[in-house]
Amino acid sequence: MRADRFAVSRDHRERVRGRHILLLDDTWVSGAKIQSAAVTLRDAGASRVTALCVARWCRVDWDDHKALLDSCTDPYDPFICPVSGKNCVEG
């Protein structure tokens, strides 16, 4: 994590203090950026921080990523919900 990458200015701390903050990130690679931002927000007084990432960047040459990719044996189907396993179009 990099504590020096993010800051909450004194002018905005009151907007953060005691609140549940949602962080949005476009791509998760190592998690260092979103974790650093979350720690900064907690240090500024946020009561909770939730992180939501749109996509995950996976590298087959990283051991933990390789294990995840190797466990995906079914062909990818964008119409199948990854949570329920149901067809997303039909509900």
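1. Ground rules first. This is a predicted model, where local features need pLDDT of at least 70 and side-chain atom pairs count only at pLDDT 80 or more, while totals for chains, interfaces and linings use all residues. Residues are numbered from 1 along each chain as its sequence is written, and side-chain values use heavy atoms, with hydrogens and water left out.

2. Helix H2 covers residues 32–43, 12 residues in total, and spans 16 Å from its first C-alpha to its last. That is close to the 16 Å expected at 1.5 Å a residue (the expected span being 1.5 Å times one less than the number of residues). For the naming, helices (H or I, at least four residues) and strands (E, at least two) are DSSP runs numbered from the N terminus. Just past the end of H2, Gly 45 has a positive phi of about 110°.

3. Now the buried side of H2. Ile 34, Ser 36, Ala 37, Ala 38, Thr 40 and Leu 41 are buried there (buried is under 20% relative accessible area, exposed over 50%, partly exposed in between, with a 1.4 Å probe and protein chains only). Their cover includes helix H1 (13–16), strand E1 (20–28) and strand E2 (48–56).

4. Ser 36 counts as buried because its relative accessibility is 3%, and a polar atom of its side chain lies 2.7 Å from the backbone oxygen of Ala 32. Thr 40 counts as buried because its value is 13%, and its side chain reaches the backbone oxygen of Ser 36 at 2.9 Å. Both pairs are polar contacts (N or O atoms within 3.5 Å; within protein, one must be able to donate a hydrogen and the other to accept it, and residues adjacent in sequence count only if both atoms are side-chain atoms).

5. Asp 43, also in H2, counts as exposed because its relative accessibility is 62%. Asp 43 and Val 8 are 35 residues apart in sequence, with their C-alpha atoms 9.1 Å apart in space.

6. Back to the pocket. H2 gives the largest share of its lining, 4 residues. Among the lining residues are Arg 2, Arg 5, Asp 25, Trp 28, Lys 33 and Ser 36. By class, the lining has 4 nonpolar, 4 polar and 4 charged residues. On terms, a pocket is an open set of points on a 1 Å grid over the protein atoms alone, with protein on both sides within 12 Å along at least five of seven lines, and lining residues have an atom within 4 Å of a point.

7. Last, the segment after helix H3 (63–71), where Phe 79 lies. Not counting residues up to four places away in sequence, Phe 79 touches Lys 86, Asn 87, Cys 88 and Val 89 (contact means heavy atoms within 4.5 Å). Val 89 also sits in the segment after H3 and is exposed, at 62% relative accessible area. The C-alpha atoms of Val 89 and Phe 79, 10 residues apart along the chain, are separated by 6.5 Å. For Phe 79 and Val 29, 50 residues apart along the chain, the C-alpha separation is 24 Å.

Notes
On a 1 Å grid over the protein atoms alone, a cavity is a set of points where a 1.4 Å probe fits but cannot get out, and a pocket is an open set with protein on both sides within 12 Å along at least five of seven lines; lining residues have an atom within 4 Å of a point. Ala, Val, Leu, Ile, Met, Phe, Trp, Tyr, Cys and Pro count as nonpolar, Asp, Glu, Lys and Arg as charged, and the others, Gly among them, as polar.
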